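Please look over the sequence and the model below before reading on. The report that follows takes up a metal site and then a pocket.

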Amino acid sequence: MLTQALFWLERGVPLVPLQPGSKHIVPGFGPYQKQITAPDDARRWFEERWCNLGLACGRGLVVLDFDLWFDYEHWREQYPGAAHTYTERTSRGYHVFFAGDGASGDVGPIEVKGRGSVVMVAPSRHPLGKTYRAVDERAVILPVPGRFSLLSEKLSSSSAPSLSKESVNRTDLIGRIKAAVPVLELARASTEMRSRDGRWWHGKCPLHDDKTPSFWVDAERGTWGCWTCKVRGDVINLYARLNRLTVRAAIAALAAGL
Ligand SMILES: [Zn+2]
């Protein structure tokens with residue numbers, strides 16, 4: 001933990017100690033309160049007291065927080081260049097790090113963590129037991145890309161941010177696909193599914209050679225997963241996996257049927 005704390009201090013990012021095994025900020029510290037900027041203080045909190053490591057965002061660091069990994073995959077296909085930046089795996093999603101200044105706010109499914117936000121980073125331990133880790137430890141932190149309309153519009157003005165027309169249409173399209181193609185229907189086209197309560201369905205996984213039913217669908221939320229494949233997602237990436245397509249190609253194929 002201390003190594004990572006010093007890594008961020010060297011890059012000028014102030015630290016915020018979080019209670020061990022949790023995301024709660026240690027009282028007295030915070031985005032607008034006390035922060036750690038000296039190595040000796042870092043040693044006290046992150047080595048001697050086993051605190052989780054938090055970073056104060058906004059001045060020098062902006063983090064895109066994707067709660068769900070499939071939202072990250074959609075984004076990465078749209079912005080492959082920017083996606084090379086330093087990224088960490090969280091409990092269910094990803095944190096994508098950029099060097100720059102900016103405000104906090106939501107852009108579609110992405111929570112932009114800028115001024116006033118604290119982000120928990122590797123190798124902190126999530127309350128549910130999972131440890132945050134870097135996707136690629138050697139990746140560098142890229143500057144907030146200028147051409148990156150989705151982000152730069154949000155970050156460059158404090159006036160009401162507007163999404164680019166393309167991304168609004170895209171978000172709308174994904175919503176329409178999800179409404180039109182129930183994930184259960186797609187699953188039942190490839191495997192036999194059973195349910196006791198009408199919400200949770202189980203069957204043999206169509207993505208691997210399954211002996212016992214390890215594939216599930218939550219019909220209410222429109223999500224699916226497989227315990228063995230260790231994947232989960234929505235109707236779009238199930239369609240992509242079943243047909244060996246990229247997420248982008250799956251969206252195009254499903255949109256053609258609307
Ligand atoms: Zn599977």
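Is cysteine 205 buried or exposed? In this predicted model, cysteine 205 has a relative accessible area of 5%, so it is buried, the cut-off for that class being under 20%.

## The zinc site

The zinc ion takes its protein donors from Cys205 (SG), His208 (ND1), Cys226 (SG) and Cys229 (SG), which lie 2.0 to 2.3 Å from it. Because the 4 donor atoms subtend angles of 98 to 120 degrees around the zinc ion, their arrangement is tetrahedral.

Along the chain, the donor residues follow the spacing C-x2-H-x17-C-x2-C. Distant parts of the chain are linked by the pair of cysteine 205, in the loop between strand E12 (200-203) and strand E13 (215-218), and cysteine 226, in strand E14 (residues 223-226), the two being 21 residues apart. Cysteine 226 is buried as well, with a relative accessible area of 2%.

## The largest pocket

The largest pocket holds about 400 Å³ of space, and its lining is made up of 17 residues, with Trp69, Arg89, Lys230, Val231 and Arg232 lying nearest its centre. Two or more lining residues come from each of helix H3 (69-78), E14 and strand E15 (231-233), and H3 gives the largest share, 3 residues.

By residue class, the lining divides into 8 nonpolar, 7 charged and 2 polar residues. Domain 1 (2-156) and domain 2 (167-256) both contribute to this lining, and the largest pocket therefore lies between them.

Methods
Residues numbered from 1 in each chain as written. Predicted model: local features only at pLDDT ≥ 70, side-chain atom pairs only at ≥ 80, totals over all residues. Heavy atoms only, no water. Donors = N, O, S within 2.8 Å, 3.2 Å for Na, K, Ca; no water. Tetrahedral: all angles 85-135°; square planar, octahedral: opposite > 155°, others 65-115°. Helix = DSSP H or I, 4+ residues; strand = E, 2+ residues; numbered from the N terminus. Buried < 20%, exposed > 50% of the residue type's maximum accessible area, 1.4 Å probe, protein only. 1 Å grid on protein atoms, 1.4 Å probe; cavity = no way out; pocket = protein on both sides within 12 Å on 5 of 7 lines; lining within 4 Å. Points joined across faces, edges and corners; volume = space filled by probe spheres on them. Nonpolar A, V, L, I, M, F, W, Y, C, P; charged D, E, K, R; others polar. Domains from an automatic or database assignment.
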